[in-house]
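I wanted to go through one structure and write down what I looked up. These are my notes, in the order I made them.

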Amino acid sequence: MSVFLGTHQNRIDAKGRVSIPAGFRTVLRNQTVEGEALMVLRPSHTQPCIEAWPSAAFASLAQPLDRLDMFSDEHDDLAAALYADAYPMDSDREGRIIIPDFLREHAGLSDSVAFMGLGRIFQIWEPQAAEQRRAEARLRSRRVTLPGNRNGETGGVA
């Protein structure tokens, strides 16, 4: 599998470590480029959670940024939002990571976390907030219409 699927709950241990779900570790390892971090953690722009990006996918965020004038306020703002709070992360041999305090506070994490797969990335949530987010997404997705296929058809999701 090459995408992150499902929602998995794990506990944060006494040393502040949490195990990445085995399936997520497999996807990360399959996408890792030698010499780069396993993933990049950053606070979500829109949700009280942490985004976890495979390093190569995170690097692709620079492409649209590079199209902005390097000395513009827009470039500086977007660069700060993307990179200033981003943390390259590797796991230990058991697949555990330590989530930086700033990110734990952003997501309201205490003793448990929910890993939520979103295809090309995954998010780390406080478990009850994750359940609420999934419920809201299911409801709102009923109103989503995907662009038509080759025959001009459209289709709803959910």
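**Entry 1: the model**

I noted before anything else that this is a predicted model. Every value in my notes is computed from that predicted model.

**Entry 2: helix α1**

I looked up helix α1, which runs over residues 22-31. Which residues of α1 are buried? I found F24, R25, V27 and L28 on that list. They lie on the same side of α1, because they cover an arc of only 160 degrees around the axis.

Next I asked what covers the buried residues of α1. The cover includes five strands: β1 (7-11), β3 (39-43), β4 (50-54), β7 (112-117) and β8 (122-125).

**Entry 3: helix α6**

I then turned to helix α6, residues 127-141. It has 15 residues and reaches 21 Å from its first C-alpha to its last.

In α6 I noted P127, A130 and S141 as buried. These residues cover an arc of only 55 degrees around the axis, so they sit on the same side of α6. What do the buried residues of α6 pack against? I wrote down β1, β7 and β8. Those strands are also named in the cover of the buried residues of α1.

I checked the other face of α6 as well. Turned away from the buried side, it carries the exposed residues Q128, Q132 and L139.

Last, I looked at the N-terminal end of α6, which is capped by E126. A side-chain oxygen of E126 lies 3.1 Å from the backbone nitrogen of Q128.

**Entry 4: salt bridges**

I reminded myself that side chains of opposite charge can pair when their charged atoms come close. How many salt bridges does the count come to? The count is 7, and I followed up some of them.

R17 and D13 meet through their side chains in a salt bridge, 2.8 Å from N to O. I looked up how accessible the two partners are. R17 is partly exposed, with a relative accessible area of 22%, and D13 is partly exposed too, at 26%.

R42 and E51 form another salt bridge, with the closest N and O atoms 3.0 Å apart. Buried means under 20% here.

D92 forms a salt bridge with R96, and their closest N and O atoms are 2.8 Å apart. D92 is partly exposed, with a relative accessible area of 27%. I also noted that D92, E94 and R96 are linked in a network of salt bridges.

**Entry 5: aromatic rings**

I searched the whole structure for aromatic pairs and got 7. I wrote down two of them.

The rings of W53 and F58 have their centres 6.3 Å apart and their planes at 70 degrees, so I recorded the pair as edge-to-face. W53 and F58 are both buried.

The rings of F115 and F122 have their centres 5.9 Å apart, and with planes at 50 degrees the pair is therefore tilted. F115 and F122 are buried as well.

Which residues form one aromatic cluster? I listed F4, F24, F115 and F122. F24 was already in my notes, as one of the buried residues of α1.

Terms used
Residues numbered from 1 in each chain as written. Predicted model: local features only at pLDDT ≥ 70, side-chain atom pairs only at ≥ 80, totals over all residues. Heavy atoms only, no water. Buried < 20%, exposed > 50% of the residue type's maximum accessible area, 1.4 Å probe, protein only. Helix = DSSP H or I, 4+ residues; strand = E, 2+ residues; numbered from the N terminus. Arc of directions from axis to C-beta. Contact = heavy atoms within 4.5 Å. Salt bridge = Lys/Arg side-chain N within 4 Å of Asp/Glu carboxyl O. Expected span 1.5 Å × (residues − 1). Polar contact = N/O pair within 3.5 Å; in protein donor to acceptor, adjacent residues only side chain to side chain. Phe/Tyr/Trp six-rings, centres within 6.5 Å; stacked < 30°, edge-to-face > 60°.
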